Amino acid sequence: MSAAAVDEETYVPTGSTVEWSRLDIRVVWVNLIAFLLSLGSGITGLIMYPDGELWPLLIACAAGVIGTVVDLWRWFTTSYRITETHVEKRTGVLRKEFRQVARERVRSVDTSAKLRHRLAKLRIVHIAAGDTRMHSTFTLNALRKDAVVDIRRELVPEHVETNDNEIVVSRVRWWWIFYNMFQFWAILAAGFLMWAVYWGLEEFGVNLFDVLDHLREDAGFGLGWTIAIAVLATLMLGWAALAAEFIGKYWAFELVRTKDEGGALLTRHGLFSTHTVHRDESRIRGIHIYEPLVLRFMRLAETTVVTTGIHPLQKESAHILPRCPVSEARNAAKFVLPGDVQPLEAPLLRHPLSALRQRLIRATYESAIVAGLLYWLVATDVFAEWVWQIPVWTLPLAWTLAVVDYFTLGHTLAGPYLVVRSGAVGRATTALQTRAVAGWTLHQTFIQRIGKRMTIEVLTAAGHRHYRAPDAGVQQALAFVSGATPGYTTAFIEKTAPADQGNVTTGGCGGGT
């Protein structure tokens, strides 16, 4: 059973006599202090500026008060217990809601702490079940640190967290801040900050744009210099915001691996709010390195583990490194995928040249279709005459992306792992244990049939659930399938005529997942 919520009528009791426990009482005092601070800020504002428009401050004060009351109500109405077979949580008074998950399905017991929790020596506990749905994790907010340790030892008994028992895989470097600053989100972050400053000054009768206009006139800047300085200032403000966000989130970041048998992969980080994430090593099936096109030229990557019970959309659990150099990600892979074979170091097989020709042809005719459509719209006076030429001007870029896409393709077998790589705009490299393969899907379009190619799709119960190697040669694909899962696919390959095959699915192959 997953940790899905049920109401009182549909709840199935476990029959245990274990007593229900409450959250720690200290969270009440912490929330009471937060309540008084929120209320006090609003009263202070009214006293100091009785005639001012203080509705933003009052809204913020009201939000703080409401949030504090909700937290207090949650403490009064929440209880939990750990029985011999289940972990259970109940909330509510008039309409009670229950959550329960079988202990054998618990995959991790992670912790986090906001600043107020750290001051009170409390932690928020996140118990994750073996389910990729987001509701498979439920939270206990908040418990004492020693109670959290006891819960983790009881639910994940094979892990003992001590400094002598850990191998440090990676630590944050200060220059990683710059890798996370220069991105599109800087513009949005700057826009949000400018909006907040504008409305904040408006409450005190100060118009930000009037102030900036006076400064421009005093400095004697023309329109061009004004625009250039405004753009640069906006970017710098956004970069500063992203740098502050990175420092707050990844302060003292560590990726460690426990040395005991049946250990775990841990990440610890955070300045004001701390997070500790445990990943059961026995459930890790591989590693996934993603390099967006812009970051690829900077040799940067985003790294996630391929594991059962954790979906990549659950970023806090799946991501094991912040955005960092790809060399750091590959070095971490040596600890995530222990053994003599390092699959990410193995050379990949190049796909047939017909895949490159197809991509170049597709880029050409797609641009021609768009240009023809725009030309028709120009003829009907919808657009200006020059608009239809845009696809023609961008054709070299389309060809370049087609070439990049082709040279990204690759796959190989490396000992107990298979490796697939693809993607032009975002290059994704995945190393997966062959025992985690749950099935195969082989796609072959009419064009691929002419070029003697097919697309390999690896099915698994971990990570994204499927990983692709597009446009491999037919013989390459069949050798890849039979090499990764020998025996099971032998009869299938012997009976299949590749040139006549359009879409083949095989299932149930490979070891346990």
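His-464 is partly exposed, with a relative accessible area of 35%. His-464 sits in the loop between E20 and E21. The C-alpha atoms of His-464 and Val-306 are 7.8 Å apart, although 158 residues separate the two along the chain. The model discussed here is predicted.

## Overall make-up

The protein has 513 residues, and 44% of them are buried. Its secondary structure comprises 17 helices and 22 strands. Take the contacts with a separation of 6 or more: 61% of them involve residues 24 or more positions apart.

The accessible surface is about 26,900 Å². Carbon and sulfur atoms account for 64% of that surface. The structure also holds 16 salt bridges.

## Helix H12

H12 covers residues 353–379, which is 27 residues. From first C-alpha to last, H12 reaches 39 Å. The expected value, at 1.5 Å a residue, is also given as 39 Å, and the helix is close to it. After H12 comes Asp-381, with a positive phi near 65 degrees.

Which residues of H12 are buried? They are Ser-354, Ala-355, Leu-356, Gln-358, Arg-359, Ala-363, Ser-367, Ala-371, Leu-374, Leu-377 and Val-378. These buried residues pack against three helices, H13 (390–393), H14 (395–408) and H15 (446–450). They also pack against strands E20 (453–460) and E21 (466–473).

Arg-359 of H12 pairs with Asp-405 of H14. Their side chains form a salt bridge, 2.9 Å from N to O. The pair links distant parts of the chain, 46 residues apart. Are these two partners buried or exposed? Both Asp-405 and Arg-359 are buried.

Elsewhere, salt bridges with shared partners join Asp-24, Arg-26, Arg-144 and Asp-146 into one network.

Arg-173 and Glu-328 meet through their side chains at 3.2 Å, N to O. This pair links distant parts of the chain, 155 residues apart. Arg-173 lies in the loop between strand E9 (166–171) and helix H5 (176–181), while Glu-328 lies in helix H11 (residues 326–336). Arg-173 counts as partly exposed because its relative accessibility is 30%. Glu-328 has a relative accessible area of 12%, so this residue is buried.

Arg-323 and Glu-302 form another salt bridge, 3.0 Å from N to O. Arg-323 belongs to strand E15 (residues 319–325) and Glu-302 to strand E14 (residues 300–307), so the bridge ties together parts 21 residues apart in sequence. Arg-323 is buried, at 14% relative accessible area. Glu-302 is partly exposed, at 22%.

## Thr-303 in strand E14

Thr-303 is also found in strand E14. Is Thr-303 buried or exposed? Its relative accessibility is 0%, so Thr-303 counts as buried.

What does Thr-303 touch, leaving out residues up to four places away in sequence? Its contacts are Ile-287, His-288, Ile-289, Ala-318, His-319, Ile-320, Leu-321 and Ala-329.

## The buried side of H16

Helix H16 spans residues 474–484. Its buried residues include Val-474, Ala-477, Leu-478, Phe-480, Val-481 and Ala-484. Why do they fall on the same side of H16? They cover an arc of only 155 degrees around the axis, which puts them on that one side. An α-helix has 3.6 residues a turn, so residues three or four places apart point the same way.

## A nonpolar surface patch

Five nonpolar residues form a patch on the surface: Met-194, Phe-209, Val-211, Leu-212 and Leu-215. Helix H7 (residues 208–219) supplies the largest share, four residues.

Leu-215 is located in H7. Its relative accessible area is 51%, so Leu-215 is exposed. The cut-off for exposed is over 50%.

Definitions and conventions:
Residues are numbered from 1 along each chain as its sequence is written. This is a predicted model: local features need pLDDT of at least 70, side-chain atom pairs count only at pLDDT 80 or more; totals for chains, interfaces and linings use all residues. Side-chain values use heavy atoms; hydrogens and water are left out. Helices (H or I, at least four residues) and strands (E, at least two) are DSSP runs, numbered from the N terminus. The expected span of a helix is 1.5 Å times one less than its number of residues. Buried means under 20% relative accessible area, exposed over 50%, partly exposed in between (1.4 Å probe, protein chains only). Contact means heavy atoms within 4.5 Å. Patches are made of residues with over 30% relative accessible area and no salt bridge: like charges are joined within 9 Å, nonpolar side chains (Val, Leu, Ile, Met, Phe, Trp, Tyr) within 5 Å. Accessible areas come from the Shrake-Rupley method with a 1.4 Å probe; for residues, only the protein chains shown count as cover. A salt bridge is a side-chain nitrogen of Lys or Arg within 4 Å of a carboxyl oxygen of Asp or Glu. The arc is that of the directions from the helix axis to the C-beta atoms.
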